[in-house]
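Thank you all for coming.

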Amino acid sequence: MAKNKIILKVNIKENKQTAKHQSKTLEIGFASLLGFKTVGNKRPQLLICVETSSMSIDPNAQLPLAFVDEDASSGSGDDVNMLDGHSKRQSVTQSSAGRRKRSRKATGDAIVDAMLEIAAASKMRATAIMKNTSASMDEFDLELDEMELVAAAAGYYYYNSITRQPCHSLSPSGSGFMTEVLNGHDDVCREMFRMDKHVFHKLCDTLRQRGMLRDTAGVMIEEQLAIFLNIIGHNERNRVIQERFQHSGETISRHFNNVLKAIKSLSREFLQPPPLSTPPEILRNNRFYPYFKDCIGVIDGMHIPAHVPAKDQSRFRNRKGILSQNVLAACTFDLQFIFVYPGWEGSVADSRVLRAVLDDPDQNFPNIPEGKYYLVDSGYSNIEGFIAPYQGVRYHLHEYRGANQLPRSAKELFNHRHAFLRNAIQRSFDVLKARFPILKLAPQYAFHIQRDIVIAACVIHNHIRREERNDWLFTGVEGRTVEEFPDYDDQPDMQLTTSIQEQIASSLRDSIAAAMWSDFINKWDEW
């Protein structure tokens with residue numbers, strides 16, 4: 001397989017005896033001194049090759065300078081330049097990404113060593129020539145200096161090229177990495193793209209048909225989306241993605257932002273209000289039906305680690321001392337997100353975020369029909385449309401284990417079933433963070449990008465849930481509960497409630513608890 005190399009042809013002053021050495025080839029690590037070459041009656045040329053690895057090169061073969069950037073703005077292919085006084089264009093064959101990966105420091109050291117050895121070899125050559133010629137050493141000093149300068153220029157050019165611009169695939173359909181993933185085992189696609197192949201292709205088709213993304217000369221929509229999913233699905237840095245997809249840093253960044261914008265624009269379609277009918281998860285379970293028949297979803301806050309400037313850190317530091325953004329989320333019992341509102345400072349209480357959303361029509365929080373409600377935890381006020389558990393009564397599921405697991409009152413029974421049903425949003429959060437680990441760490445992006453990543457992740461989460469019911473992450477949380485421990489500092493802001501709203505919500509909660517307790521005492525089917 002062809003390798004990247006730089007061949008410099010430099011006309012030098014040389015006597016005829018030097019031409020006898022034209023067939024010699026000197027291999028030195030990353031650089032090769034190909035010797036001298038005489039073409040016709042022209043003056044001899046010094047040939048120096050700088051390449052990715054030691055290899056034999058035929059000095060009689062045509063020797064182009066072959067290092068290119070496929071991510072040029074034209075997107076039309078490779079620009080190949082000859083450093084022999086002329087500029088030409090020529091296609092080259094690229095080797096696989098795995099063969100080009102190497103330590104930058106090792107590369108730099110090897111080039112320096114190669115340059116020194118070239119100079120040493122040149123002087124040895126000159127000494128040998130001097131024994132058979134009457135020419136003075138001064139005549140060769142000029143030639144040797146020129147050779148050393150050319151070697152230095154070659155090393156400098158090559159080192160700058162590989163550190164600034166990685167070598168890239170010429171195929172408009174994507175790199176070898178894309179081929180490996182899409183043509184490989186299903187588990188490879190799940191691992192790298194965080195979804196099944198048909199779900200990936202469906203999302204690509206949606207973005208293409210809606211005109212939200214377009215194929216470019218060098219990067220298809222499939223590869224653009226794959227770049228985005230690799231970043232948020234593995235929390236990878238730009239440099240790693242450059243090597244993986246064989247594109248420049250600017251190309252990676254541009255497509256990441258384009259895909260982020262496109263997926264965010266799908267939020268209105270994929271984050272839909274819940275149906276008004278009783279959810280199947282409640283309807284099919286005697287523990288919850290008919291008591292929670294009017295419940296349409298669950299609301300909770302989710303703290304995502306945030307990277308913010310020093311001047312803003314006090315506002316974003318939450319109760320645990322971690323810099324985070326507080327994300328308000330609502331989901332169905334089918335684990336699909338209904339509403340997502342990221343970007344609040346980590347120090348802000350959940351109830352305040354909810355109140356701000358309800359007071360701002362521009363946030364487009366789904367309208368709550370009369371008689372319907374969401375389940376919320378003890379960090380929210382118990383008001384109309386939002387039913388919270390009883391305060392001062394054991395609530396979390398781990399508190400109902402052991403010898404005292406049976407509820408001792410209507411309030412405890414209500415709280416236990418409320419906690420079990422509300423656990424749906426904790427499972428949704430678990431799946432979301434497991435699929436996109438970038439949400440577990442503070443990414444080094446501007447804050448508005450961090451905020452948009454949360455929205456995009458929830459959109460993709462819903463897309464996967466709709467297209468593949470047997471997705472491995474969703475099936476992994478079915479039939480189990482996610483541990484949630486109480487945050488005793490997270491108390492509702494009583495100033496944000498009204499007495500009328502509280503009375504309506506309290507009356508509804510009490511009636512549900514009474515009916516539930518009556519059936520529990522008289523029937524004892526299950527609690």
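This is a predicted model: local features need pLDDT of at least 70, side-chain atom pairs count only at pLDDT 80 or more; totals for chains, interfaces and linings use all residues.

Let me begin with F429, which lies in helix α14, residues 410-435, where helices (H or I, at least four residues) and strands (E, at least two) are DSSP runs numbered from the N terminus. Residues are numbered from 1 along each chain as its sequence is written, and side-chain values use heavy atoms, with hydrogens and water left out.

Is F429 buried or exposed? With a relative accessible area of 5%, F429 is buried, the term meaning under 20% relative accessible area, with exposed being over 50% and partly exposed in between, for a 1.4 Å probe and protein chains only. Leaving aside residues up to four places away in sequence, F429 touches D300, G301, M302, A329 and F337, where contact means heavy atoms within 4.5 Å.

A nonpolar core, here, is a set of buried Ala, Val, Leu, Ile, Met, Phe, Trp, Tyr and Cys residues joined through side-chain atoms within 4.5 Å. Of the 81 residues in this largest core, F193, F228, F292 and I460 touch the most other members, and a second, separate core of 19 residues includes I338, F339, Y374 and V376. As for α15 itself, 17 of its 21 residues are buried, so the helix is largely enclosed by the rest of the structure. From first C-alpha to last, α15 reaches 31 Å, close to the 30 Å expected at 1.5 Å a residue, the expected span being 1.5 Å times one less than the number of residues.

Turning to F193, its contacts, again without residues up to four places away in sequence, include F177, M178, F200, A226 and L229. Two of these partners, F200 in α6 and A226 in α7, also take part in the meeting of those helices, in which L203, C204, L207 and R208 of α6 and I221, E222, L225 and L229 of α7 are among the other residues. By class, that contact has eight nonpolar, no polar and two charged residues, with Ala, Val, Leu, Ile, Met, Phe, Trp, Tyr, Cys and Pro counted as nonpolar, Asp, Glu, Lys and Arg as charged, and the others, Gly among them, as polar.

I would finally point to some backbone details. The peptide bond from Y289 to P290 is cis, with omega near 10 degrees, and P290 is found in the loop between α11 (280-283) and β5 (295-305). N235, in the loop between α7 and α8 (238-245), has a positive phi of about 55 degrees although it is not a glycine, and at 13% relative accessibility N235 counts as buried. Q246 likewise is not a glycine and has a positive phi, of about 60 degrees.

For the chain overall, there are 17 helices and nine strands, and of its 527 residues, 51% count as buried.
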